[in-house]
Amino acid sequence: QVQLVESGGGLVQAGGSLRLSCAASGRTSRTYFMGWFRQAPGKEREFVGSITYNDGRTRYADSVKGRFTISRDNTQNTLYLQMNSLKPEDTAVYYCAAGPNRGYEGYDYWGQGTQVFVSS
């Protein structure tokens with residue numbers, strides 16, 4: 001099993017920045033893929049971005065490209081999401097997720113989420 005704990009959420013004004021963290025513990029060998037998802041009130045959970053373990057390859061949702069940056073510190077088993085130029089529509093609960101390398105990107109483990117609120 002893998003345990004994921006997010007932190008860093010909060011209230012920020014539009015145009016501001018926040019940095020989310022996700023600490024992984026347990027069977028961290030199963031965290032080849034790590035990603036961020038978010039869910040706004042009344043909406044489906046959506047993909048934000050992800051990163052691989054070995055080469056740090058990233059991909060992002062179009063809605064956050066150029067504003068959000070994903071990184072990971074494998075020595076600390078920690079995932080980060082730097083969010084800049086935040087918009088009110090970025091308001092959501094942000095979830096960290098992880099999954100092993102099965103030849104495709106998939107997520108077996110999820111954190112409890114951290115709330116981000118962007119005021120206009």
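Predicted model: local features only at pLDDT ≥ 70, side-chain atom pairs only at ≥ 80, totals over all residues.
When I say contact, I mean heavy atoms within 4.5 Å.

Let's take Met-83. What is Met-83 in contact with, leaving aside its neighbours within four places in sequence? The list runs Gly-16, Ser-17, Leu-18 and Leu-20, then Arg-67 and Phe-68, then Tyr-94 and Val-116.

Now the core. The largest nonpolar core holds 33 residues. Met-83 is among those with the most contacts inside it. Which strands supply at least two residues each? Start with E1 (2-7), E3 (18-26), E4 (33-39) and E5 (46-52). Strand E9 gives the most, with 5 residues.

On to the disulfide. How many does a search of the whole structure find? The search finds 1. Cys-22 is joined to Cys-96, with 2.0 Å from S to S. The angle about the S-S bond is -75 degrees, and the link is left-handed. Where do the two cysteines sit? Cys-22 is in strand E3 and Cys-96 is in strand E9, so the pair ties together parts 74 residues apart in sequence.

Last point. Are these cysteines buried or exposed? Buried means under 20% relative accessible area. Cys-22 has 0%, so Cys-22 is buried. Cys-96 is also at 0% relative accessibility, so Cys-96 counts as buried.

Definitions and conventions: Residues numbered from 1 in each chain as written. Heavy atoms only, no water. Core = buried A, V, L, I, M, F, W, Y, C linked by side-chain atoms within 4.5 Å. Buried < 20%, exposed > 50% of the residue type's maximum accessible area, 1.4 Å probe, protein only. Helix = DSSP H or I, 4+ residues; strand = E, 2+ residues; numbered from the N terminus. Disulfide = S-S within 2.5 Å.
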